[in-house]
Amino acid sequence: MQVFGQFLVFASLVLTAFVAALSLAGAIRRHPRWVRAASEGVAAVAWLNVAVALLLTHALVTHDFSNRYVASYSDTTMPAFYLLTAFWAGEKGALLFWVVSLSLLAAALERVHRGNESAFFGAVRSVVILALLFFDVLMVFASHPFETFLTSEGPADGSGMNPLLQNPLMAIHPPFQLAGFVAYTVPFAFSLAALITGRLDDSWIRESRRWNLLAWTLLTAGLVIGGLWAYVELGWGGFWGWDPVENAAFLPWLSGTALLHSTAVEVRRGMLRRWNHFLVALTFLLTIFATFLTRSQLISSLHAFSNSVLTPFFMDYLAVIALATGALLAWRWGALAPRERIRSLWTREALVVANSILFLLALFIVLWGTLLPKFSESPRVQDAINAAIGLWNQVSGAGLPPLRTAITVGPEWFNRVVAPVGLLILGLTALGPLVPFRTGGREAVNRAALRTGLAALGATGVVVLAYGAFRVLRTSEALDLPWTSAAETFLGRLSLPAAYGAAGVLLATWVILVAVRDTIRSVAARRAVTGASRLRTAWTLLRDNPRRYGGHAVHVGVALCFLSFSGAAVREERKDVVLTPGERLALGGEDLVLLGTHETYSDAGGFASSVSEVLAWPRGRPVPELVRAMLGGWPGVQALDNGDPPEVVLRFGSAGEARRFFANAFARTVVARDFQVVRLDRARREVHLAPAQPETLQVVPRAFHRLTEELREFVRAVGEDLVTVRSRRGDPLLVLAVADEGVFEALAGGLDTRGAFPVALASLDANAPDRVRVIPSGIGRLLAPETRFYPKFESPTTEVDIETGLLYDLYVAAAPGSGTRSASVTAMVNPLMSWLWAGSVVLLGFGFLLVFAGRGLRPERKPASAVEETVRPVIAGESRAS
Amino acid sequence: MSTFLDLVFVLATAAALTAALLRVARMTHRLGAGRER
């Protein structure tokens, strides 16, 4: 089967090369027969590559470990879903995914341009096929997906997939990310075709506009899903860590976003024509660079899951493309001169130029921060820097120490430096849609900008004051300070991120106000003529003028994301502590109580997992009366004392009664969960216990120690004269021997009974022997973060538990502590996190809608502005922006 | 289970290959077509 795969991959290479030759020759010689044949050939290549993909998928799902790739990235215990996603878990599969998606994209392009035999489209096709050919060559000669083992049939079982990747989000993040990269080939091909054929009007932009938007939306989706994965899987509480590969994927996004905006200027004003060709080439190069960085170990990174032999290929490819594009651009430089000039800085085109500059500035900062550690590693670079430092020291007299190690920059550096650029861009996002092209802002526009700006300022003032008051009150409450000194502490601790946060709220609100105001006014104006419903009118507007109203919608999504970033900027509450059962942790307005830790084994996933149960309780809120009544009515309970909620203290008639209740509770909560009863010896008053799930102990042997310790803890609480625990070396059997008959009966009774028990955790009060402190069950919100252990992988992975809220997320990660019954808990309050995901949904939803609505990916015949011109007189209003 | 999977994949791969071959046939046809002209 693998030989067949090798044959098909090779056939695909030969066919692609042939089609590329046909396409090129057809385009150059203007030979219609060759062009038509190449057009068919593109579809043939696509189908052939689909067959190749099916073969690899088949090898994965049927565990054909004679295939090296299958043996390296899957095993027999993996769930079927992850077997499918193992397709893109490694380099070879990802490369095949690239080839398949690019050939499918080429076929789709061919389909929407059916019958187009122009020299221009011939050039577009040739560029796309040549790009495909490069990856085909790479796949066949450097990284073959159907490689087999030289001397054997392959191992009996594969090595499995990195558990970090076994997450539904990680399963879909790579295809989006890669498809986004791949899709930028199309706009690049259109640009190159325009340069080659000399069709230098704006038609290349209009025909590739939807493809450009598609690539951008896919890339954005890839980044968002990657961020969400980092948030729920990595356990450090953030979504973006400025990891080199995150940065590498962010770079084409920055230039691609600049491109989306600057192309509009060329269509409307005939300006920025060289710039657009430059930007699209830059974006394409950066997608290749990002792939190369992901797959190489040039910079050590979380994503470098494999070592690669592809580095030289990528370097050469990048160089060839850069040189070719540069030469073409130089050749057409004169012909690409702007047709008009910017008349004023207060026009849309000027703002778009500013937008481009800022995006490129951000790009440069991120690129610099990513590559600097690599450059400064080299002794020659260090020597050069030290020479400069020495010179500076001589001139200024400063005693700067020489550089001895590589310069590294952390996430704080990126946040500090990129945030102001991001805020400036956000400001442009608010202003841009207000200010019209060509004529620039007149009085009405200025008034609109001022009004919306003031409204945003007012709203921000309210938000900032409310937030400040909330923090001050909480501090004064928590530390028992008068509010004045709490306010002083609060103000004294305000820092630059807080200022960024406030600015983010201001500008994001402004963006939303501008977009909503313009949409509402346009809807009202159109309804005055047509009388259609509001929703229908909004849809018509979006359809007729997607640039303007779709842009508004996407901007609102971006603004929501920025509101979330503002929340992240003031994030303060994070605690890392080791807790034992019953211990609590104060976080924000909540008390988090650790109820316990236990192990489970997942047959489907093939992993053992330590689950910590954490109860979240709004601090000080009393336990509901119904629950208290239930506890009070328990046999033997004489009265309820107030503990620290959610704790309740049960008072019994005697110490013996309390002890018996405690034994009963222990049997029903701890023993029932962690053990199975092997034998109940009533004559000797012994309980023989074995671990509930022996499989877990094979994966996590030290869990047995915890189980023993649980019993010892019980013995210590009840008294060693009454209960003893025995275990034999090498035997997973534990014996509880009880001297006291009452305690034994309570324990045995607890093991016998089934059904609800109103107590989640009980402990004997050491100072007052007739009292038992309990935490009622079924109250509060239960969070259950896990640590998973996979037999084949050394390091465990975290599964955090997140309680998502409108204002903040409660984020809890936990790992079994080094102490036997403890768990080390990381808990934090993440303000406005859900807004990021909501904003992303808006952004991506409208992104995809704008790509596929109406004519879809078919080339636009008429510029959108033509429709606008007919609508404009109808929309009588001060804002003539579009 | 395994035979069923095999069958599904064999059919799907065969379909994709047939489509590819069909396109190759059309490609060669187009290359030839017009030679008479």
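In chain A, strand S7 and strand S8 (residues 686–691) pair in the antiparallel sense over 6 bridges; two strands count as paired if DSSP finds at least two bridges between them. Helices (H or I, at least four residues) and strands (E, at least two) are DSSP runs numbered from the N terminus. The model is predicted, with local features requiring pLDDT of at least 70 and side-chain atom pairs pLDDT 80 or more, whereas totals for chains, interfaces and linings use all residues. Residues are numbered from 1 along each chain as its sequence is written, and chains are lettered from A and ligands numbered from 1 in the order in which they are written.

Phe675(A) stands opposite Pro691(A) of S8(A). Helix H24 (residues 703–718) of chain A packs on the sheet and touches S8, S9 and strand S10 (734–738), contact being defined by C-beta atoms, placed from the backbone, within 7 Å. The direction of H24(A) makes about 160° with that of S9(A); axes are lines fitted to C-alpha atoms, for helices over the stretch in contact, and angles run from 0 to 180 degrees between N-to-C directions. The open sheet has 4 strands in the order S7-S8-S10-S9 (chain A), with antiparallel pairing. Strands S7 (675–681) and S9 (723–727) of chain A each have a single partner strand, so one side of each lacks a neighbour in the sheet.

Another open sheet of 4 strands in chain A has the order S5-S6-S12-S11, also with antiparallel pairing. Its edges are strands S5 (637–642) and S11 (759–764) of chain A. The twist averages 30° from one strand to the next. S11(A) is joined to strand S12 (residues 771–776) of chain A by 5 bridges, and Ser763(A) stands opposite Arg773(A) in S12(A).

Notes
Two residues are in contact if their C-beta atoms, placed from the backbone, lie within 7 Å.
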